[in-house]
Amino acid sequence: MENGSTNVLKPMDSEQLREYGYRMVDFIADYYKTIETFPVLSQVQPGYLHNLLPDSAPDHPETVEQVLDDVKTKILPGLTHWQSPTFFAYYPSNSSVAGFLGEMLSAGLGIVGFSWVTSPAATELEMIVLDWLAKLLNLPEQFLSKGNGGGVIQGSASEAILVAMIGARDKVLRRVGKNALGKLVVYSSDQTHSALRKACQIAGIHPENCKVLKADSSTNYALRPELLQEAVSKDLEAGSIPFFLCGNVGTTSSTAVDPLAALGKIAKSNEIWFHVDAAYAGSACICPEYRQYIDGVETADSFNMNAHKWFLTNFDCSLLWVKDQYALTEALSTNPEYLKNKASQANLVVDYKDWQIPLGRRFRSLKLWMVLRLYGAETLKNYIRNHIKLAKDLEQLVSQDPNFEVVTPRIFSLVCFRIVPVDNDEKKCNDRNRNLLDAVNSSGKLFLSHTALSGKIVLRCAIGAPLTEEKHVKEAWKVIQEEASYLLRK
Ligand code: PLP
């Protein structure tokens, strides 16, 4: 700072916010308008940005124009455009006007609501909107905040699994004794997201006690309850302690749906905590016609869906409901002197710091509240239905082309397909599908991803970006067909 008070920073100058804020909103609105002009998958090389930006931070202020200019010329080329209408690679991460406004409001208010007292509205709004959504999903009453249960916003499905597992771990250790950690066993199908493996690593579960049960095409990659029962019985006989089961509604590879009711029954009779991961597909279950896919959730101890995937709520906003909030708070609460306050001491309030890993937490419920209020449940249901219809149409196009096959039946808005093998040569077929993926993605016109199902390389087309319309899916299919016919001629 050069000359004293004249240069004192005013970081919350209302007039500057007004001026810059308009400009920033204009910039983002223009980005949305022109998003189709960018290659969906960024084509830059590793380290590209080092060559474009200075080695050290500026000593003196720069203007917002200078920064936005750099965003345009240096940052946007290094983006993979998740909001592009032809982004089909991973499950979506929806942005929306409502979600964006909620995010903006949260940033502007700048509160940190770890305990009720630190901003009562933040805690109470979170409880209310999670109850609203639990009702839209028709979750059992035990997940509502009026009893022992309730919902909480986590940063990710990975945190949701971890928090549930830690709650379950400490609950079982209170029953069997704290020295039994090495005997605790976790179950899931081999289609479960790697977030479960990570949770086990963090929660101190022995790698050999993470039982990964095989799921195959005979059940469309859903976990067979008999396999679970067999594994649990064997572990009990060996003196191990089954304590956690992760079921799936909409696996990452192929949207497999595990039979929740049958799995939950086994979990219940063996005192196993049953967590349901519906990170992507949970959103669809607000539609009455898709609610069947979470039938059996009444047997679960915890349920998770990411509102930041397919529910128009900007990242991050992962919703976790539990029936027994005390399982979480017993495992995760701390009570240092500097955080003590009358409301918490009197047990009158929820302190969400005790339902999560970090202390600090953002006012994330605002954006979900904005989404629910600015769009309404019926519009949101139709939003989901439209994506599912587009996926259904694509599934039909794929199945009509003799060069292709749909590998697993589509349930929601993910289509899993591949070029069919020629002369039963599966190896060559896998190579060809890998090449197709590379060709399609380097075209910049769309972005797909892949997975492996029973050794087959499969392309994933996940429809769910807010700007995607019928024409985008049709165009994308044309590009895929063209690239495939070129490869098949080789
Ligand atoms: N579970 C499923 C089914 C997923 O598809 C994903 C990510 O796509 C996750 C968990 C992990 O999500 P997050 O990034 O929120 O941890």
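Predicted model: local features only at pLDDT ≥ 70, side-chain atom pairs only at ≥ 80, totals over all residues.
**Notebook: loops, ligand and cores**

I began with Asp316, which sits in the loop between H9 and strand E7 (318-322). Helices (H or I, at least four residues) and strands (E, at least two) are DSSP runs, numbered from the N terminus. The peptide bond from Phe315 to Asp316 is cis, with omega near 5°.

Residues are numbered from 1 along each chain as its sequence is written, and side-chain values use heavy atoms, with hydrogens and water left out.

**Positive phi**

Next I looked up Asn138, in the loop between helix H4 (120-136) and strand E1 (150-154). Asn138 is not a glycine, yet its phi is positive, about 55°. Is Asn138 buried or exposed? I found it exposed, at 51% relative accessibility. Here buried means under 20% relative accessible area, exposed over 50%, and partly exposed in between (1.4 Å probe, protein chains only).

Tyr221 also has a positive phi, near 70°. I located Tyr221 in the loop between strand E3 (210-213) and helix H7 (225-237). At 4% relative accessibility, Tyr221 counts as buried.

**Around the ligand**

Which residues surround the ligand? My list includes Tyr91, Ser158, His193, Asp277, Asn306 and Lys309; a residue is near the ligand if one of its heavy atoms lies within 4 Å of it. Helix H5 (157-176) and helix H9 (307-310) each supply at least two residues of this shell.

A ligand oxygen is 2.5 Å from a side-chain N or O atom of Ser158. For Asn306, the distance from a side-chain N or O atom to a ligand oxygen is 3.0 Å. For Lys309, a polar side-chain atom lies 3.1 Å from an oxygen of the ligand. Alone, the ligand exposes 400 Å², and the protein buries 84% of that; the areas come from the Shrake-Rupley method with a 1.4 Å probe.

**Nonpolar cores**

Last, I turned to the cores: sets of buried Ala, Val, Leu, Ile, Met, Phe, Trp, Tyr and Cys residues joined through side-chain atoms within 4.5 Å. The largest has 69 residues, and Phe303, Leu319 and Trp321 have the most contacts inside it. Helix H12 (residues 365-400) gives the most to this core, with nine residues. A second, separate core of 34 residues includes Leu196, Phe243, Leu320 and Leu328.

Technical notes. Polar contact = N/O pair within 3.5 Å; in protein donor to acceptor, adjacent residues only side chain to side chain.
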